[in-house]
Amino acid sequence: MSPQDAAGQTAPATTAGLTVRSFWYVVCESHELGPQNVLSRKVLDEDLAIFRGPDGKPVALRDRCMHRAAPLSKGSRTPDGCLRCPYHGWTYDGEGEVVAVPCEKGQFKKGGIARRALVHEVCEQDDFVYVRVRDEDAPEKDGPADITPFAMPCYGDKGYTTVRLQNRMMNNVTNCAENFIDIPHTVFVHPVIFRDARDQKINAHIVRKNGEVHVNYEGETDNLGWFKWFLNPGGHKIQHTDSFFMPNVTSVSYVFGPKRHFIITSQSVPVTDEETLVYTDLTFNYGIFSWPARFIVRRQGQMVIDQDVEILGQQMDVIKKYGDKFAHTQADTIHIFVEQIRDALAEGQDPRTLPEKSRDITFWI
Ligand code: FES
Ligand SMILES: [Fe+2]
């Protein structure tokens, strides 16, 4: 049961030593992991070999054979759902245990720590496969039970359609997440397609709370580039909110009048400190137009993301040379809040223990 404070409100569960390694990260879409596939992935610098075990559930092993360190992801699936190393054929089951060594034939015996690969935690949700990386020095230990994969908003809900994109950004998670909830860049990086500069005043209310940042915008009109004819043809008042959820998820929600809802949710998966794999769901409810609209949404969404891939790569090149000491405007308060949450995790502090903060800001685009 969650602890309750004196006022009877539920206080968040907190975990000592919470870090970015305590969380679940997307490693592939479910359909990419077919029964015979072995995928090679990297999360938080840990190399992974991912396959489906005998029961069809995903398995993620450290991508290193215990015998002579060949990459298991280059191996193959056996008919009984094990993974065979490509070098000398050692065969691993879904628990990472070696169950066959061909050159030992009848003398082979199971068991022993030297014959067990590091197995990471895996689960499947919203048609994504998630991994939580274990530590080598605590190979049996699960991460905190109160940390679960992020539920993708409205995914699979009645009336909603989702277009799913994957993109590689040569930058870190913090800068990627900040980009995805940054309005001022849109008029420079995505003019015509997304927004044009009009010197329009925007007010926003920002809250940092419980490891999350929520932004409510006021004053947004129909400045949505030429895509406006699709997004908001009726010219309805726009309700726009942006959110960040620790450690790596952003979600942008637009409600256009009573009938149209468009959500852009991005999971920024840390490959290394300088590389991020971004899974973006464009989820929308456009009534009878939802299904046919997915082609144009995919094309349009990818065009916008291509422009972000370019600017984020350029930003990281400069940071690598000259560092990331940033200067700020009021609009960057959102990013400062995101950085405070990620900085807390970097220090092993649970961001849910940070005091609640809120700010009203004004900027022009
Ligand atoms: S390196 Fe894997 S079986 Fe030899
Ligand atoms: Fe952008």
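**Close-up views of a predicted model**

View 1. The predicted model contains eight aromatic pairs, where rings of Phe, Tyr and Trp (its six-membered ring) pair if their centres lie within 6.5 Å, and planes under 30 degrees apart count as stacked, over 60 as edge-to-face and the rest as tilted. One of them joins Phe 128 and Tyr 130 edge-to-face, with 6.1 Å centre to centre and 85 degrees between the planes. Both Phe 128 and Tyr 130 are buried (buried means under 20% relative accessible area, exposed over 50%, partly exposed in between, with a 1.4 Å probe and protein chains only). A tilted pair is formed by Phe 150 and Phe 245, at 4.8 Å centre to centre and 45 degrees between the planes. This pair links distant parts of the chain, 95 residues apart: Phe 150 is in the loop between strand E10 (128-132) and strand E11 (161-169), and Phe 245 is in strand E14 (residues 238-245). Helices (H or I, at least four residues) and strands (E, at least two) are DSSP runs, numbered from the N terminus. Phe 150 is buried, at 18% relative accessible area, and Phe 245 is buried as well, at 17%. Phe 128, Tyr 130 and Tyr 279 make up one aromatic cluster.

**View 2. Arginine side chains over aromatic rings.** The charged end of Arg 164 sits over the ring of Phe 128, 3.5 Å from its centre. Arg 208 lies over the face of Phe 337, 5.9 Å from the ring centre. A charge sits over a ring if NZ of Lys or CZ of Arg is within 6 Å of the ring centre and within 35 degrees of the ring normal.

View 3. His 185 lies in the loop between helix H1 (173-180) and helix H2 (186-189) and Asp 308 in helix H4 (residues 290-322), so the pair ties together parts that are 123 residues apart in sequence. His 185 is buried at 15% relative accessibility, and Asp 308 at 5%.

**View 4. An open antiparallel sheet.** Six strands, in the order E1-E10-E9-E4-E3-E2, form an open sheet with antiparallel pairing. Two strands pair if DSSP finds at least two bridges between them. Strand E1 (25-29) and strand E2 (39-43) are the edge strands, each pairing on one side only. Five bridges join E2 to the antiparallel strand E3 (residues 46-52), and Asp 47 in E3 is the bridge partner of Lys 42.

**Notes on the model.** Residues are numbered from 1 along each chain as its sequence is written, and chains are lettered from A and ligands numbered from 1 in the order in which they are written. In this predicted model local features need pLDDT of at least 70 and side-chain atom pairs pLDDT 80 or more, while totals for chains, interfaces and linings use all residues; side-chain values use heavy atoms, and hydrogens and water are left out.
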